[in-house]
Amino acid sequence: MTLQVEQVVTSGIFSLDGEDFNVDNNIWLLGDDKEVIIFDAAHDHLPILDSVGNRKVKAIICTHGHNDHINAAVELATETNAPIWLHPDDAMLWDVIHPDHHIDAPLKDGQKISISGSELSVLHTPGHSPGGCCFHVPDLGVVFSGDTLFNGGPG
């Protein structure tokens with residue numbers, strides 16, 4: 001199967017320092033016709049589930065722990081029986097949103113993750129948040145950057 005990237009966009013509230021902002025978030029699915037990894041679980045798990053279809057979700061990977069990137073993670077994990085991965089330096093952000101549910105696996109710099117016959121590398125990129133991570137997929141020549149980089153400037 002050929003490795004492919006799919007985009008889902010959800011909308012909701014990003015909260016920071018007592019302020020709320022209406023935002024759109026990109027959710028990325030990486031995989032093939034049988035399995036996918038989901039990058040970020042923002043706002044509403046239902047559009048993400050619709051895009052996944054009948055494929056197996058190998059992991060829900062959080063690029064960082066801000067609420068607008070993790071607020072649908074637990075519902076998505078419950079529906080797909082997939083583990084949630086997050087860098088431990090963002091555990092304090094996770095615990096604010098999901099105090100009764102712990103992440104399933106920590107991400108670490110240099111870690112390799114396999115999907116659909118390809119491999120991606122975890123790059124710990126603190127700055128936007130302490131545990132922010134990017135994910136390099138050499139087979140596609142792409143990097144999933146979460147909010148480390150976004151339209152209008154760096155995160």
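Where is arginine 55 found? I looked this up first, and arginine 55 is in the loop between H1 and E4, with helices (H or I, at least four residues) and strands (E, at least two) taken as DSSP runs numbered from the N terminus. The model is a predicted one, in which local features need pLDDT of at least 70 and side-chain atom pairs count only at pLDDT 80 or more, while totals for chains, interfaces and linings use all residues. Residues are numbered from 1 along each chain as its sequence is written, and side-chain values use heavy atoms, with hydrogens and water left out.

**Arginine 55.** I noted a relative accessible area of 11% for arginine 55, which therefore counts as buried (under 20%, with exposed over 50% and partly exposed in between, for a 1.4 Å probe and protein chains only). Its side chain reaches the backbone oxygen of valine 52 at 3.0 Å, a polar contact being a pair of N or O atoms within 3.5 Å, where within protein one must be able to donate a hydrogen and the other to accept it, and residues adjacent in sequence count only if both atoms are side-chain atoms. Not counting residues up to four places away in sequence, I found arginine 55 touching Gln4, Glu6, Leu29, Asp32, Asp33, Lys34, Glu35 and Val36 (contact means heavy atoms within 4.5 Å).

**Helix H1.** Valine 52 also belongs to the buried set of H1 (residues 45–52), together with His45, Ile48 and Leu49. Seen down the axis of H1, these buried residues fall within an arc of 100 degrees, so they line one face of the helix; the arc is that of the directions from the helix axis to the C-beta atoms. Their cover includes strands E1 (4–16), E2 (19–31), E3 (35–39) and E4 (56–61), and helix H3 (73–80). At the start of H1, I found a side-chain oxygen of aspartate 44 within 3.0 Å of the backbone nitrogen of leucine 46, and after the helix comes glycine 53, whose phi is positive, near 65 degrees.

**Asparagine 67.** I next turned to asparagine 67, which is placed in helix H2 and counts as buried at 12% relative accessibility. A polar atom of its side chain lies 3.0 Å from the backbone nitrogen of serine 15. Leaving aside neighbours within four places in sequence, asparagine 67 is in contact with Ile13, Phe14, Ser15 and Ile97. I also checked histidine 43, which is 24 residues from asparagine 67 in sequence and 8.5 Å away in space, C-alpha to C-alpha.
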